[in-house]
Amino acid sequence: MEKDRLEAVIQAVVRELQAAAAVAAPAAVAAPSPAAVARKQRPAPGAEDDLRIDLADPTLPAARSRSGIPHPVDAEGLVALMECTSSRIGVGRAGPCLRTGALHLFLSDLAVTKDALARDVDPQLLAELGLFPVRTRVEGGKEEYLIRPDLGRQLSQEARTLISERCSKGPDVQICVGDGLSAQAVETNLRKILPVLQAGCTTAGLKMGTPFFIQYCRVGVMNDIGDLLQPKVLILLIGERPGLGRADSMSAYMAYRPKAGDTDAERDVICNIFDGGGVNPLEAGAYALRLAQKMLAKQTSGVKLKLMEA
Amino acid sequence: MLLRTKLFGKTYDFPDLRVLMGKANGEKSGDRLAGLAADNAAERAAARLVLAEVPLWALRDNPAVPYEQDEVTRVIHDALNETVYAEIKAWTVSELREWLLDDRHDGSAIARCANGLTAEMIAAVTKIMSNMDLAYAASKIRVQRHSANTIGLDRRLSGRLQPNHPTDSPEGIRAEIYEGLAYGCGDAVIGINPSDDSYASVARLLDMSYGVVKTWEIPAQTCVLAHVTTQMRCLQSGSPVGLVFQSICGSQKGNDSFGISVGMLDEAYQLARKHCYPAGPHYMYFETGQGSALSANAHNGWDQLTLEARNYGLARRYSPFIVNTVVGFIGPEYLYDTEQIHRAGLEDHFMGKLTGISMGCDVCYTNHARTDQDSSENLAVILAAAGCNFFMGVPMADDSMLSYQSTSFHDIATLRHMLHLRPAPEFEVWLESLGLMRDGRLTDLAGDPSFFLSR
Ligand code: B12
């Protein structure tokens, strides 16, 4: 660069800096006055007794549904919008970022979500509903279950023996239950959905297999069950992965004559089964029955069934 | 084939490219699950030394699945530009890395070079790059596409508005769309994942979301991410579709397990061009993610990074408007913790850009992985600096239907403010006309979904 051009650039930069300083100066004066601080009733330094922080639980429904927008265009409308979804909307902002309360509620929910993962399905519930338990080839507990989906897709040797001994072969509909990624989902929904399915099968005149429970279960285990019991339709009720602060969501994965080598393309799923915001378990049971009857009528499932309907 | 090196006096011998490619990968639980990971850090370092010296022709000659057996391989190999390939086939992987990073080679030079690269070459060079290399090289490449608006322009960052609902309630989803729009999100696509894949339910959501776009004259495209067969039925029945979506896999066997094939995608692409409502010419949307092929036992003994690169080669056939990796979506069996998710996010974004597709990233995690929201925010900043075309906007990052945490409307707005990035130009004009944005920043009116109740 030539010398005088360099000079000109430097002068321009200096002018810009001076202008910026001139603008910045009054802003510094706008710091809160002592009176403003007093109005907020900040305790005087040293008066520890006056510092009282005693908070209400922010996770209660009333607190959760509070909007974070100070002056919405349509306050009533905003409430109505927030009521139609469990998603975190109407939360407002601090600059482009989250407001403090919303951020802390999110982090609190995240903290309890992790706890839900460690649980196992209550054996008493299984006994009550007449389900005998078997296992997949996962032997090293939850941690192994999480990182070895291949083992969670295969029944253990003992499971095969037990199932062969205790279950009737070739039913129209076989119902199985798996813990999947949420034991809680099974516990909260099973009492409601299982009787609907059983009663529905009886009414429809469908021959039902002997139901059982699979610990450390993945969806792919349906193939092993199909090979052992040869059901026409298999329904696997299984816990979905837990969401933020929620672990009640269950799915019903279904297949027509499942067998070794089948993939998800041969399966169907009804998901997000839970009370209060999801697909209600009673409705889901009825829906699953209709789907089972459709599979029986068309003698197929999954994408092929979809294409037949188109 | 001899693939050997000495390292600190010890000899490391790799029987073939398949094993070498696996062991050269950064640590991933999915490669360990497949029995392909390096035994220790020294073996990984040795594998990288050897891989760096492999000539590109050897990678073309050894695809992850043979040409005769696999239509994904055929799609990629048949599309290769032989003139470019002839110029570069003798380069080593190391030479390719340095060529890509060289300041004399800009985005358009790289785009030409990419016409001669197969997925295995792109995967190989990715394996020997550091995280910063991946971000920097990606930042040199811009891929622009047009549908109802333009994505991928320099200094722009778009957002996919993801307004999911556990029962697909149209009212609930509409409320979430309003929230997203109020934060300036939705320029990449307003894209709903359905909980119910039935034709009637998907058609209803297509109608509802298109209704919002019409009412507010939004220069954006809508999409319901159902199985492609459901969307094709909707297109044929006259539903308004902005983009046609499908999840894809890096091998024919993997795509079989998703219930799709190249023939089916070709058909969907034709239908999209015939019936989609935006100006185009780019109408497709794909999602990918490391681990999906292994999950279907369709990886043919190859590592998840290489299979992921093949996804992009397949996607390229359809000049998609957008593609994104859903980088932490499946869970810890494929990407165990923060480090692995970050590495995979940077790899995927770079590979997509190098392949020449309009690449975004769903920076996300499931609650059974060893990571958290702060980590997601970190990765989003790095990817935004690397020129990522778009991120997901989910209400406060919490998707209550898919049960995972992604990035939020706030995150996209914050990244734009912080890094001086703007929405797609047509979308920015629209936001300004409503008074929600000025000079690329949200105004006081923004962030209030009830704003959209007035029409
Ligand atoms: C994780 C997931 C995926 C992952 C699964 C990868 C894996 N290996 O785990 C990936 C990204 C590959 C995926 C793909 C698809 N998915 Co999905 N997926 C989910 C999600 C978020 C969680 C599932 C879960 O918790 N499973 C429980 C655990 C214990 O099961 P698992 O054995 O570990 O994993 C198996 C199942 O997850 C299964 N699976 C996953 N998705 C789907 C979809 C269908 C139709 C079937 C039959 C099976 C299936 O694949 C896994 C391997 O076998 C659900 C949402 C939800 N709330 O359930 C959607 C969900 C099940 N998927 C859905 C859809 C539509 C798809 C796609 C068809 C999307 C598309 N257009 O391509 C594809 C292809 C599916 C196929 N036929 O293979 C819908 C189903 C709607 C319906 N009622 O039919 C859901 C409900 C929500 C959604 N829109 O994404 N999915």
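**Helix packing**

Modeller: Let's begin in chain B, where helix 5 crosses helix 17 in a left-handed sense (left-handed means the near helix is turned anticlockwise from the far one by less than a right angle, right-handed means clockwise; helices are DSSP runs of H or I with at least four residues, strands are E runs of at least two, and both are numbered from the N terminus). Please keep in mind that this is a predicted model, where local features need pLDDT of at least 70, side-chain atom pairs count only at pLDDT 80 or more, and totals for chains, interfaces and linings use all residues. Residues are numbered from 1 along each chain as its sequence is written, chains are lettered from A and ligands numbered from 1 in the order in which they are written, and side-chain values use heavy atoms, leaving out hydrogens and water.

Helix 5 of chain B covers residues 71-78 and helix 17 covers residues 304-316. From helix 5 of chain B come B:Val72, B:Thr73, B:Val75 and B:Ile76, which meet B:Arg310, B:Gly313 and B:Leu314 of helix 17 of chain B (contact means heavy atoms within 4.5 Å). Sorted by class, this contact has four nonpolar, two polar and one charged residues (Ala, Val, Leu, Ile, Met, Phe, Trp, Tyr, Cys and Pro count as nonpolar, Asp, Glu, Lys and Arg as charged, and the others, Gly among them, as polar).

A second pair in chain B is helix 12 (residues 199-215) with helix 13 (residues 228-236), whose axes lie 10 Å apart at an angle of about 65°. This time the crossing is right-handed. Helix 12 of chain B brings B:Tyr199, B:Val202, B:Ala203 and B:Leu206 to the contact, while helix 13 of chain B brings B:Thr230, B:Arg233 and B:Cys234. Five of these residues are nonpolar, one is polar and one is charged.

Now step back to the domains of chain B: domain 1 spans 1-54 and domain 2 spans 145-452 (the bounds come from an automatic or database domain assignment). The centres of domain 1 and domain 2 of chain B, taken over C-alpha atoms, are 34 Å apart. Between them, 13 residues of domain 1 of chain B touch 19 residues of domain 2 of chain B.

Chain B has two backbone details to find as well. In the loop between strand 1 (3-7) and strand 2 (10-14) of chain B sits B:Phe8, which has a positive phi of about 50° without being a glycine.

Finally, look between chains A and B, where the ligand lies. A nitrogen atom of the ligand is 2.8 Å from an N or O atom in the side chain of A:Glu240, and an oxygen atom of the ligand is 3.2 Å from a polar backbone atom of B:Ser257.

Technical notes:
A residue is near a molecule or strand if one of its heavy atoms lies within 4 Å of it. A polar contact is a pair of N or O atoms within 3.5 Å; within protein, one must be able to donate a hydrogen and the other to accept it, and residues adjacent in sequence count only if both atoms are side-chain atoms. Axes are lines fitted to C-alpha atoms, for helices over the stretch in contact, and angles run from 0 to 180 degrees between N-to-C directions.
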